[in-house]
Number of protein chains: 2
Amino acid sequence: MRKAPTIRDVAAAAGVSVSVVSRVLNPESGPVAPAKRQEVLRVIDELGYRPRAAARELSAGHALTIGLVVTDLSNPFFARLADRIVWEARSHGVQVVLMTTQEDPHLEADSLDTLLDRSVSGVIATPTGGNIEKWRRLRDLGVNVVFIDRAIEELEDVDVVSIENFDSAQRSTEHLLSLGHTRIGLITGPLTTSTGSARLNGYKAAHQNASLPVDPTLIRDVPFRGDAGGGAVGSLLAMRQPPTALIVANTAQVQSSVRRLVQMGIDIPDELSLIVFDDNPWTELTTPPLSVIRQPLDMLAVHAIELVLGRMHGKLPDGARRIEVKADYLPRNSCAPLILSNAH
Amino acid sequence: MRKAPTIRDVAAAAGVSVSVVSRVLNPESGPVAPAKRQEVLRVIDELGYRPRAAARELSAGHALTIGLVVTDLSNPFFARLADRIVWEARSHGVQVVLMTTQEDPHLEADSLDTLLDRSVSGVIATPTGGNIEKWRRLRDLGVNVVFIDRAIEELEDVDVVSIENFDSAQRSTEHLLSLGHTRIGLITGPLTTSTGSARLNGYKAAHQNASLPVDPTLIRDVPFRGDAGGGAVGSLLAMRQPPTALIVANTAQVQSSVRRLVQMGIDIPDELSLIVFDDNPWTELTTPPLSVIRQPLDMLAVHAIELVLGRMHGKLPDGARRIEVKADYLPRNSCAPLILSNAH
DNA sequence: TACAAAAGTGGAACCGGTTCCACTCCGGAC
DNA sequence: GTCCGGAGTGGAACCGGTTCCACTTTTGTA
């Protein structure tokens, strides 16, 4: 348990001052004679010296660290997102402190405080929708905030990276309409979230373009967590005029929805056509493989990191960016024309 | 972008010295008159003061942070594990810095250096198997290391939390043997990993107890990442005498293995009985639902956190702990007696 | 050859906490 | 009344980096 060498140890061993060592460590900060630089580097290597992050942070006032705040990692969507973000961050020499909110604004508030204590220079988050003042304060304190997947309307001046929610929902709905379905169920997140409302609007727009009325009883805006998706499936199929097609428009709800469909022994696509949001690896392992909206996670992660790092280095113009990346519709075998459905 | 108050601001506003404020912040560190304590707390609240973590770390020499080093979060096993660990850590006021290794010892080495720079007080890791000296050095520098899921044999004095690998493999094998199968394929991780070899040994022990020979051509020890699992499935089923049952003994390989089986149109369980390690949520969504060895993630996470925090607070006796938690066999519908297989 | 500009260097303050130590009170024991 | 011990307090050093500034040595140019 010997203790690690400090910059002063290095300076002494190399016969120079700490300033010189520091300048070797941060080449931009000043000139060093080539010979001394060599010597210092040699000593650093010999002693196995590594600068302590805490000291650097204290002096700099901020850490080369970003906070990642997501709902929970059990959700494969967030897990894969986190995976990419950690990966991208690492390649830029930035560490990631991970916090989960379980969709609870109190836990979210707590997380923000903690991240603030840590002087993180950026935060990538899927906001719960609460804590508006806290988010604003965070940004006012100089922390670069990027929302990913969801936005908070009240915070117009925060960067957002999301998929084309409106568009994807509209296209899925149109696809089902083109197959002859007119009663299309929609399971989506709370309408207070930007994703929930945008996807509902896309669904409505598709109906409008086809001059079809929207039956509000076919729409279920339910909580993200727990078995809300399964419950919604149950109640939709128990209707007197149940839908002949279903869009599960939120990743968090897909698992419980599909589980319920399997439990109920619903025949897909003959009894029900199904499109789900997000292409988890297992969606092609079900019978039949599911048609999905594939969210380009890589793009979400890359843009989010670029925004955060860009702002950290002051390389981005003022004004919030809103980046929407395209989500593809990936047809597999869970959708069928309505005619076939009737024939069944 | 106003700057946050420091401990000296608080001291000035409360009309006391910084020492008093510090003692209010850390009650164990000395006495404070009740009246002054009240006043200081009031000022802290009024100013919204929060101690900077970096300053505390610099002074203390270590951070209230642990590193979590896993292969990658795309693997649901690690994702759920990380979820639990972050959760448990938070409830103890500890933050988690996340790093992924992609099973690459170089990336692992990098991660360890970074964590060292950050003065983390503990690391929970799924080691790649390399970097033995580096792990040892980390521990010698006073960082509490706990390996989870896997061990490194050479590092006898590091705590390990894992499932009963030998036992689970033995029991799955015995179950399949009891169904009449004699040619049981085994897909597992590299034998250089502790899980790989323990599971193979359990498989062998079951054969031995049943006085059956082990056919080494039925065993595939393949890399964790990529499509190695799928490849192994392909080569096993292409044998002249293919197995009638298969155990996929590693979480990371289950997805690619099952995908290949689905692609090949193998009828489970009629053509092939299947047991896979770890109960991902989707394993019950396949046709048929898969019989699994369920790894008690919660227990792994809880034990790992308790070990790390216990050591951090010096509350644990010397000497490495090896904790093995029981993994249940959860029968669903992917295993059938051999007789039926033949009838098919 | 002279002198200004640039390169190179070290000392010391600073970031914001924690902790050691010296010092002042005060009450209780003798 | 004296002495002792503990509660309560503030000053200052310290953790390990970064950075500003003053100073010396080169280098380049007229």
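Reader: Where is the place of Ser194(B) in chain B?
Author: This is a predicted model. The numbering of the helix in question runs over residues 194–209 of chain B. The place of Ser194(B) is in helix H9.

Reader: Is Ser194(B) buried or exposed?
Author: Its relative accessibility is 14%. Buried means under 20%. Ser194(B) therefore counts as buried.

Reader: Which residues is Ser194(B) in contact with, leaving aside its neighbours within four places in sequence?
Author: Neighbours within four places in sequence are set aside here. Contact means heavy atoms within 4.5 Å. That leaves Arg150(B), Ala151(B) and Glu153(B).

Reader: What separates the C-alpha atoms of Ser194(B) and Ser162(B)?
Author: Along the chain, Ser194(B) and Ser162(B) are 32 residues apart.

Reader: How do H1(B) and H3(B) lie, oblique or parallel?
Author: Helix H1 of chain B covers residues 7–14, and helix H3 of chain B covers residues 34–47. They pack at an angle of about 125°, with axes 9 Å apart. That angle makes H1(B) and H3(B) oblique.

Reader: Which residues of H3(B) does H1(B) meet?
Author: H1(B) brings Asp9(B), Val10(B), Ala13(B) and Ala14(B). By class, this contact has seven nonpolar, no polar and two charged residues. On the H3(B) side stand Glu39(B), Val40(B), Val43(B), Ile44(B) and Leu47(B).

Reader: What is the angle between H1(A) and H3(A) in chain A?
Author: Two packed helices are described by the angle between their axes and the distance between the axes. For helices H1 and H3 of chain A, the axes are 9 Å apart. The angle is about 125°.

Reader: Is the crossing of H1(A) and H3(A) left-handed or right-handed?
Author: H1(A) and H3(A) are oblique to each other. Their crossing is right-handed.

Reader: Where is Asn75(A) found in chain A?
Author: Strand E1 covers 63–70 and helix H5 covers 76–91. Asn75(A) is found between them, in the loop.

Reader: Is Asn75(A) buried or exposed?
Author: Asn75(A) has a relative accessible area of 9%. The cut-off is under 20%. So Asn75(A) is buried.

Reader: What does the side chain of Asn75(A) reach at 2.8 Å?
Author: Leaving aside neighbours within four places in sequence, Asn75(A) is in contact with Thr251(A) and Ala252(A). At 2.8 Å, its side chain reaches the backbone nitrogen of Phe77(A).

How values were computed:
Residues are numbered from 1 along each chain as its sequence is written. Chains are lettered from A and ligands numbered from 1 in the order in which they are written. This is a predicted model: local features need pLDDT of at least 70, side-chain atom pairs count only at pLDDT 80 or more; totals for chains, interfaces and linings use all residues. Side-chain values use heavy atoms; hydrogens and water are left out. Helices (H or I, at least four residues) and strands (E, at least two) are DSSP runs, numbered from the N terminus. Buried means under 20% relative accessible area, exposed over 50%, partly exposed in between (1.4 Å probe, protein chains only). A polar contact is a pair of N or O atoms within 3.5 Å; within protein, one must be able to donate a hydrogen and the other to accept it, and residues adjacent in sequence count only if both atoms are side-chain atoms. Axes are lines fitted to C-alpha atoms, for helices over the stretch in contact, and angles run from 0 to 180 degrees between N-to-C directions. Angles under 35 degrees count as roughly parallel, over 145 as roughly antiparallel, 65 to 115 as roughly perpendicular and the rest as oblique. A crossing is left-handed if the near helix is turned anticlockwise from the far one by less than a right angle, and right-handed if clockwise. Ala, Val, Leu, Ile, Met, Phe, Trp, Tyr, Cys and Pro count as nonpolar, Asp, Glu, Lys and Arg as charged, and the others, Gly among them, as polar.
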